[in-house]
Amino acid sequence: MTGVPELLVLRLLAHREMYGYELVKAVRLVTGEAIGLGEGVVYPVLHGLEHGGALKAKRKAVNGRTRVYYTLTAKGRRRLERLSEEWRRVSAGVNSALGEPGHA
Amino acid sequence: MPSPQFNDLKLELLRGGVAPFYVRRAILELSEHYTDLESDALAAGMSSDEACRYAQALLGREESLAAAILAHAELLDWSRRWPRVALWLRSAAMVASLPGVPVTFCLDNGPGIARWGASLALATLVVGAMVFSLNWLIVSG
């Protein structure tokens, strides 16, 4: 499952900017609760992606709170395409192996 | 129950070599995350204590949070990621600063050095003039 949190984060941020708490809830929602990112684990993933240039962070004051919003960069978009492609290939391979009784 | 300050986490991360920028950011975001969890729990009808416990349980222990962050090598300070480069640069900076030591010393002790310099210059001038006069007397006499 390596790279799954990264893929989900990039996919969700491709639609709109979000902050950590929002992202954790969104991951649960879009995966039908099948995947739950650890509440505190999302931040190193976000920071790692930001460090790699895939995300851009911006602080915003909202109702007296400081939110750090993340947006996808062009580099992040390319990374999302690459990861999605890789995931589809792996997923097809696993599905194929599960569907073939000879390989089970 | 007071909100966690994440002081232990902060220390653990700094000790582990995480860049201070990411330490500050992580603490800020985790504090906000905690407040969000607590607010949602209160809105769902939990008592204040229950909401605190719920938020702490979901966020996880500080050791687990530290381990998750420390697992990301890219978040470490550059001197931890490239220790040899850091060692070379620090050594080079130290050697490069050595010629500056006498200058700094002079700047710090300017008036004293000026007094000593003026006295030495005057003494040299007086002794030089006496030696020159004696030489001249001997040669011309």
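The confidence of the predictor in each residue is expressed as pLDDT, on a scale from 0 to 100. With that scale in mind, chain B of this predicted model averages a pLDDT of 88, and 97% of its residues score at least 70. Among the elements of chain B, α2(B) has the highest mean pLDDT, at 94, whereas helix α7 of chain B, made of residues 100-108, has the lowest, at 80. Where pLDDT is low, the predicted coordinates should not be read in detail. For the model as a whole, the scores are ipTM 0.83 and pTM 0.73.

## The cavity between the chains

Rolling a probe the size of a water molecule over the atoms shows where empty space is left. In this structure there is 1 cavity of 30 Å³ or more, and the volume of the largest cavity is about 60 Å³. Its lining draws on chain A through Tyr19(A), Gly20(A), Tyr21(A), Tyr43(A), Thr66(A), Arg67(A) and Val68(A), and on chain B through Glu29(B), Glu32(B), His33(B) and Asp36(B). At least two lining residues each come from α2 (20-30) and β2 (65-72) of chain A and from α2 (20-43) of chain B, and it is α2(B) that supplies the largest share, with 4 residues. Sorted by class, this lining has 4 nonpolar, 3 polar and 4 charged residues.

One of the lining residues is His33(B), which sits in helix α2 of chain B. With a relative accessible area of 1%, His33(B) is buried, because buried means a value under 20%. Leaving aside residues up to four places away in sequence, His33(B) touches Gly20(A), Tyr21(A), Val24(A), Glu39(A) and Tyr43(A) of chain A, as well as Leu59(B) of chain B.

## Salt bridges within and between chains

Side chains of opposite charge can pair when their charged atoms come close. Over all chains, the count comes to 11 salt bridges, and three of these pairs are set out below.

| Pair | Closest N to O distance |
|---|---|
| Arg28(A) and Glu39(A) | 2.5 Å |
| Glu32(B) and Arg65(A) | 2.4 Å |

The salt bridge of Arg28(A) with Glu39(A) links distant parts of the chain, since Arg28(A) lies in helix α2 of chain A and Glu39(A), 11 residues apart from it, lies in the loop between α2 and α3 of chain A. Arg28(A) counts as partly exposed at 25% relative accessibility, whereas Glu39(A) is buried, with a relative accessible area of 5%. Glu39(A) is also one of the residues that His33(B) touches.

The salt bridge of Glu32(B) with Arg65(A) crosses between chains, from helix α2 of chain B to strand β2 of chain A, and both of its residues are buried. Through salt bridges that share partners, Arg65(A), Arg67(A), Glu32(B) and Asp36(B) are joined into one network. Of these residues, Arg67(A), Glu32(B) and Asp36(B) are also found in the lining of the largest cavity.

## The largest pocket and helix α1 of chain A

The largest pocket has a volume of about 180 Å³. Its lining is formed by Thr2(A), Gly3(A), Pro5(A), Glu6(A), Val45(A), Gly48(A), Leu49(A), His51(A), Gly52(A) and Arg79(A), together with His72(B) and Glu74(B). Two or more lining residues come from each of α1 (4-13) and α3 (42-51) of chain A, with α3(A) giving the largest share, 4 residues. By class, the pocket lining has 3 nonpolar, 6 polar and 3 charged residues.

Helix α1(A) is itself mostly covered, as 8 of its 10 residues are buried.

Note on methods
Residues numbered from 1 in each chain as written. Chains lettered and ligands numbered in written order. Heavy atoms only, no water. 1 Å grid on protein atoms, 1.4 Å probe; cavity = no way out; pocket = protein on both sides within 12 Å on 5 of 7 lines; lining within 4 Å. Points joined across faces, edges and corners; volume = space filled by probe spheres on them. Nonpolar A, V, L, I, M, F, W, Y, C, P; charged D, E, K, R; others polar. Buried < 20%, exposed > 50% of the residue type's maximum accessible area, 1.4 Å probe, protein only. Salt bridge = Lys/Arg side-chain N within 4 Å of Asp/Glu carboxyl O. Contact = heavy atoms within 4.5 Å.
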